[in-house]
Amino acid sequence: MRLLSHILEELDYHDLYKAYSQKGRNPAVEPKLMFKIVVYAYSQGIYSSRKIEEACRRDINFLWLLAGAKAPDHCTVSRFRKMLHSGICESLFSQLALYLLETGEVTGKNIFIDGTKIESRANKYTFVSKKSVGKHEARMHGQLQEKVSEINMAHLKGLAFDPGTAQKDLDEAVKNLKDSMEQQGIPEVHGRGKRKSQLQRDKEYLEKCLERQKRYDIHKKNFKGRNSYSKTDPDATFMHMKDDHMRNAQLKPGYNIQIGVDSEYIMGVGVFADRSDTNTLIPFMERLEKNLCHKYESVTADAGYENEENYLWLEKENIVPYIKPLTYERWKKRSYKKEVGRRENMTYIEEADCYICASGSILWNVGKKKRTSATGYTAVQEIYRCEDCSGCPHFGGKCTRSKKYKQLYVSKVFVEKREESLKNILSLQGRQYRMNRSIQVEGAFGVLKYDYGFRRFLICGKTNVKTEFLLLCMGYNINKLHAKIQNDRLKSHLFDLKTA
């Protein structure tokens, strides 16, 4: 508590005070003091605004932090947390990280990166599926085209409907039918015992379709390249969580939380809607460098971050990759050597640019293929094809499922960068980094989830979620610093690799 107060006292709160209005009454609790209380509460596993209020009234540590000031109520705590948007909180978090870097508590050389999924506050029954929206919209468009044709035949109207401009066309059609009713003197009737005209029935049907189309357009706008989102928290994506209590692989709304750890301290935080970690590495590293004004020399990550784009970006930034290949664990098994259809189990002849399979057949280079990722990166793959697979004992079984011939898609750039990364992780330093990654970054998530009991966010929205997690990580870092002081482990960066 005293250490927390001392460290947070030295931070620059200029951006925080700018968020307060210069007019009106003064805040109930000074912003700097309020920030200390919230960070200390998160460091002690207290996240509810009502429980923070209760602690400020009863807990001696919170009373000491208040220093005689009036205890804030839960509304004040909640408003402060929402007002403390991620820009302000990230600035304060970066100042704490810079303090650790300047004092030598962290090396600033290698960063361990990993991600986890944490559930959103949104209910699991607020699911919106991109596939379902597309199916219902296509069905409605088919019915509308038939309906518009019927209206044109019955009322001699020049109505048109195009799925590409559905909302605009429906709006014009409704206005057209409404004008026709006024010109023909047909009144709109409602209620029991009233008989509606056909024009009114058609107009009301198109109005309902217009409302549905507006909802579909909102859904499509909120997807933002995803396959699902939550109605009550549009930034959250439905994902498979590790804590699957029902054991039915149920999807729940959540966020992909990325952290970078150095010397057991969390140096960077990223919040993403991606269900996988592959496309999070580059934006995370760019944000980390911008916040710390410091570039790390190497990155250690697991197989989930391996792809060609990440390798090339790290090479361009002169950052050494210690990324485990996706199939690294399978390579070590005897059964993998028996998978004759794998490229790794074939012999490559560089002079002829071809592969020789287990049965002695040659796979020649027959062309190239381009593949564009979700981030817009285009990878070039070489196509290798066997001329004749007839009579091969492995064809149609262990080698390939194709009924014609065996074919390989190989990115030479990716293969080259993967071999470099594999060489790095197999070195003595690479082995030590891999061991420390599993201890430090996965250990940090273990402490946050199981020791601190943080399994679900209390507020919605990507910005608010990032703010809440930054507060949690600040509390974690200060607790870690206190523990190192108590155990005389200051400036201890890496655990030693055990050698038999």
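## Aromatic pairs

In this predicted model, a search of the whole structure finds 16 aromatic pairs. One of them joins F127 and F238 edge-to-face, with 4.6 Å from centre to centre and 85° between the planes. Because F127 belongs to strand β2 (residues 127-129) and F238 to strand β4 (residues 237-240), this pair ties together parts that are 111 residues apart in sequence. F127 is partly exposed at 36% relative accessibility, whereas F238, at 1%, is buried.

The rings of Y322 and Y433 also form a pair, which counts as edge-to-face because their planes stand at 90°, with the centres 5.1 Å apart. This pair links distant parts of the chain, since Y322 is in strand β8 (residues 320-323) and Y433 in helix α16 (residues 428-451), 111 residues apart; both tyrosines are buried. Elsewhere, ring pairs connect Y42, Y47, Y255, F454, F457 and F469 into a cluster.

## Charges over rings

The charged end of K147 sits over the ring of Y205, 5.5 Å from its centre, and K369 lies over the face of Y409, at 4.8 Å from the ring centre.

## The two sides of helix α6

In helix α6 (residues 74-83), the residues T76, V77, F80 and R81 are buried. They cover an arc of only 130° around the axis, and therefore lie on the same side of α6. On the other side of α6, R79 and K82 are exposed. The buried residues of α6 pack against α2 (14-18), α3 (31-43), α4 (49-58) and α17 (462-486).

## A buried glutamate

E137, placed in helix α8 (residues 130-155), is buried with a relative accessible area of 9%. Its side chain makes a polar contact of 2.9 Å with the side chain of Q213. Leaving aside neighbours within four places in sequence, E137 is in contact with Q213, Y216, D217 and K220.

Notes
Residues are numbered from 1 along each chain as its sequence is written. This is a predicted model: local features need pLDDT of at least 70, side-chain atom pairs count only at pLDDT 80 or more; totals for chains, interfaces and linings use all residues. Side-chain values use heavy atoms; hydrogens and water are left out. Helices (H or I, at least four residues) and strands (E, at least two) are DSSP runs, numbered from the N terminus. Buried means under 20% relative accessible area, exposed over 50%, partly exposed in between (1.4 Å probe, protein chains only). A polar contact is a pair of N or O atoms within 3.5 Å; within protein, one must be able to donate a hydrogen and the other to accept it, and residues adjacent in sequence count only if both atoms are side-chain atoms. Contact means heavy atoms within 4.5 Å. The arc is that of the directions from the helix axis to the C-beta atoms. Rings of Phe, Tyr and Trp (its six-membered ring) pair if their centres lie within 6.5 Å; planes under 30 degrees apart count as stacked, over 60 as edge-to-face and the rest as tilted. A charge sits over a ring if NZ of Lys or CZ of Arg is within 6 Å of the ring centre and within 35 degrees of the ring normal.
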